[in-house]
Amino acid sequence: MKGDQNLKHLAPLVCIISMFLFLSACSAYPAPPQNGQPSNAPQGQASPVVSSGPRTLAHQELSSIGLASKSTQQKVLTKYAIPSTNDPPEDSIDKNTPSSDTNPSNTTASALTMQAKSSKTQRPLEGRVICLDPGHQSKMSKAKVPIAPNATTMMPDYAIGTRGIKSRVFEYTITLKVAKILEQELTKLGAKVVLTRQKEDELVGSIKRAEIANDAKADIFIRIHCDGLDDSTVHGVSVLYPGDKYIKDKAMLEKSLALSQALLKNTVSATKAKSRGLSKRNDLVGFNYSKVPCTLIEMGFMTNKDEDLKLNSEDYQKKLVQGMVNGILEYYKALTEKK
Ligand SMILES: [Zn+2]
């Protein structure tokens, strides 16, 4: 009986083990979905529906473009792995597709275009004729001429110009120096440059200077001068342009004004000199005989000590030239855009 008693003790234990086994078997087969809802997947594990979405497509794109390195794949995945409704469409993954620029024949064509553009950029004044007039000269004549063709008012045809209050250098020396630097720079940019005089003692009157510009069929005629006054405190740059008292060519007058504006703006900007503005003039022989757009820049006052010294420095002369070159380029650019 002792054995029966042991069995009696074991009965509840066997029952508990049986129930445990039964419950374990039930949890291994979850209940079928009800009302078409997917079954509840354990937290933290992607359901098959989610993993077949765009993320998988990103993986497919990656394998088709053959990214070799795992870290690169990781990088791209970081970019494309979690698309949302705000993300760009799948087509945009095509960023990795080689562009037409890498096609060898296209490369040759685009290289030629670049070359042509660069040549145009380097010589923007190709085909332009520019006449530079370095004001005054060391020789004098007392000749007087009509202020304009067919006019009765007479004016001196020559003037010696002003002189540096400190440097004692004459205006005609500075104007020739600046004109020659400007000639070099404009030539580099492709322009054909004509100077009205090459030497300090060359006797060239105002009418002759205008005729040189006309005969050269210059696009523009730039007269280069320095200013002078009894008042030594006055300084700055000004630009003179022709008025319509004697000149009746409206297009020429308009171009002259546009050129003058561009020269003043850019010269003041390059030198940081004071702008004294534009001045319309009907009394200049050199303007009135010109048939081409013309302007006259007064680069500064030789009667002002500081400006006199600046005008004599090569550094400042180069700044003036840079400003004038920029002004000329701006004038031509505006002219081209207008057409
Ligand atoms: Zn002058």
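Biologist: Is the crossing of α6 and α11 left-handed or right-handed?
Modeller: The crossing of α6 and α11 is right-handed; that label applies if the near helix is turned clockwise from the far one by less than a right angle, and left-handed if anticlockwise. Please note that this is a predicted model, in which local features need pLDDT of at least 70, side-chain atom pairs count only at pLDDT 80 or more, and totals for chains, interfaces and linings use all residues. Residues are numbered from 1 along each chain as its sequence is written. Helices are DSSP runs (H or I, at least four residues), numbered from the N terminus.

Biologist: At what angle do α6 and α11 pack?
Modeller: Helix α6 (residues 171-188) and helix α11 (residues 314-338) pack at about 50 degrees, and their axes are 9 Å apart. Axes are lines fitted to C-alpha atoms over the stretch in contact, and angles run from 0 to 180 degrees between N-to-C directions. That makes α6 oblique to α11, as angles under 35 degrees count as roughly parallel, over 145 as roughly antiparallel, 65 to 115 as roughly perpendicular and the rest as oblique.

Biologist: Which residues meet there, between α6 and α11?
Modeller: From α6, K177, V178, I181, L182, E185 and L186 meet Q317, K318, L320, V321, M324 and V325 of α11. Contact requires C-beta atoms, placed from the backbone, within 7 Å.

Biologist: And how does α8 pack on α11?
Modeller: Helix α8 (residues 250-271) packs on α11 at an angle of about 145 degrees, with the axes 7 Å apart. The crossing of α8 and α11 is right-handed.

Biologist: Changing topic: how many residues has the largest nonpolar core?
Modeller: It has 54 residues, and those with the most contacts inside it are I130, L132, V178, F221 and M299. The contribution of α6, seven residues, is the most to this core. Such a core is a set of buried Ala, Val, Leu, Ile, Met, Phe, Trp, Tyr and Cys residues joined through C-beta atoms within 7 Å.

Biologist: What does L132 contact?
Modeller: Leaving aside neighbours within four places in sequence, L132 contacts A179, L182, E183, V193, L195, I222 and I224.

Biologist: Is L176 buried or exposed?
Modeller: L176, in helix α6, is buried because 22 other C-beta atoms lie within 10 Å. Buried means 20 or more such atoms, exposed 12 or fewer, and partly exposed in between. Not counting residues up to four places away in sequence, L176 touches P134 and E200.

Notes:
Helix = DSSP H or I, 4+ residues; strand = E, 2+ residues; numbered from the N terminus. Contact = placed C-beta atoms within 7 Å.
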